[in-house]
Amino acid sequence: MATFQNQASLTYNNSTVNSNIVTGEILEVLSLTKASLNTSYTAGDTVTYILSAVNSGSTAFSGVSITDNLGAYSFGTNELYPLSYVDGSAMLYIDGVMQPVTVNATESEVVFSGFTIPAGGNALISYRATVNGFAPLLGGSVIENTATLTAAGLSTPVTATAQVGVDSRPVLSITKGLTPESVPENGTLTYTLTLLNTGAEPAVSGVTVTDTFNPILSDISVSYNGTPWTEGVNYTYDEATGLFTTLDGQISVPGAVFNQNIDTGLVTVTPGVAVIRITGTV
């Protein structure tokens, strides 16, 4: 609620007297809330936001405009925007009925306008934004973005803020390489399995790798990050089927390293890496 004070002055024959001070209150009848359907984010994610405006008054508000700052934050001397509006994603509902909405999006904000909130009514806007290269990714980071509503007859803009925290859990992927690519019969080849972690936290348990070699390899030797492995201690291998399986607790993949360019603010990700090499005869 907004309060105000007012005082009158009376001047007569160069003498001034003041009245008492009266205090009033402007009842806010237009409210705004903002929420995210995502509980967390990672690089490249799409986040869905919901804006809800409620008019509890007896008069409609026209010329409504809601501006979202796309998570703006200061970095050095720069203002960075970690979210990018997804074109065409906005949907507006007035009292539950879909209505057209005008959208003007730039890299620094997205503006939804051109609608009226009826007396005793509500407006709901859903839209999506992509987590871009300026989003902070270190553990504990958040994207906080603010929406500001203005309208004809509204004395003070109404704001609402939503926060989404980074998901720092491990994000693993695996690639496989073969050397050489052309192998003679009874020749030797090496498979290189590269495990990548683009999450902030290391993967220290529950990581296993299986691979069924075709053609089946014999007389295999295995190394992990350059250290020789022992069958039955670090892995198992069935020469009858070609099934290779690492044992639980033998693999850990370090967390990624995040660097933010001091000039541009762009965040680069250097994945954590673990490498398994299996050499055998075909």
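**Exercise 1: charges over rings**

The charged end of Lys176 sits over the ring of Tyr191, at 4.2 Å from the centre of that ring. The criterion is that NZ of Lys or CZ of Arg is within 6 Å of the ring centre and within 35 degrees of the ring normal. The model is a predicted one, in which local features need pLDDT of at least 70 and side-chain atom pairs count only at pLDDT 80 or more, whereas totals for chains, interfaces and linings use all residues. Residues are numbered from 1 along each chain as its sequence is written, and side-chain values use heavy atoms, with hydrogens and water left out.

Task: state over the face of which residue Lys34 lies.

Solution. Lys34 lies over the face of Tyr49, with 4.2 Å to the ring centre.

**Exercise 2: aromatic pairs**

Task: find how many aromatic pairs the whole structure holds, and classify the pair of Tyr85 and Phe112.

Solution. Rings of Phe, Tyr and Trp (its six-membered ring) pair if their centres lie within 6.5 Å, and planes under 30 degrees apart count as stacked, over 60 as edge-to-face and the rest as tilted. A search of the whole structure with this criterion gives nine aromatic pairs. For Tyr85 and Phe112, the ring centres are 6.2 Å apart and the planes stand at 70°, so this pair is edge-to-face. Tyr85 belongs to strand E11 (residues 83–85) and Phe112 to strand E15 (residues 110–117), so the pair ties together parts that are 27 residues apart in sequence; strands (E, at least two residues) are DSSP runs, numbered from the N terminus. Tyr85 and Phe112 are both buried, where buried means under 20% relative accessible area, exposed over 50% and partly exposed in between (1.4 Å probe, protein chains only). The rings of Tyr235 and Phe244, by contrast, have centres 5.3 Å apart and planes at 35°, so that pair is tilted.

**Exercise 3: nonpolar cores**

Task: name the residues with the most contacts inside the largest nonpolar core.

Solution. A nonpolar core is a set of buried Ala, Val, Leu, Ile, Met, Phe, Trp, Tyr and Cys residues joined through side-chain atoms within 4.5 Å. The largest has 39 residues, and Leu32, Tyr41, Ile66, Phe115 and Leu149 have the most contacts inside it. A second, separate core of 21 residues includes Tyr224, Trp229, Val253 and Ile276.

**Exercise 4: an open sheet**

Task: give the strand order of the open sheet of five strands, and identify its edge strands.

Solution. The order is E19-E20-E28-E22-E23, with antiparallel pairing; two strands pair if DSSP finds at least two bridges between them. Strand E19 (172–179) and strand E23 (227–228) are the edge strands, each pairing on one side only. Strand E22 (residues 218–224) pairs with E23 in the antiparallel sense over two bridges, and Ser223 stands opposite Pro228 in E23.

**Exercise 5: two residues**

Task: decide whether Asp167 is buried or exposed, and describe where Val54 is found.

Solution. Asp167, in the loop between strand E18 (158–166) and E19, is buried, with a relative accessible area of 18%. The side chain of Asp167 touches the side chain of Arg169 through a polar contact of 2.7 Å (a pair of N or O atoms within 3.5 Å; within protein, one must be able to donate a hydrogen and the other to accept it, and residues adjacent in sequence count only if both atoms are side-chain atoms). Val54 is found in strand E7 (residues 46–55) and is partly exposed, with a relative accessible area of 35%.

How values were computed: Helices (H or I, at least four residues) and strands (E, at least two) are DSSP runs, numbered from the N terminus.
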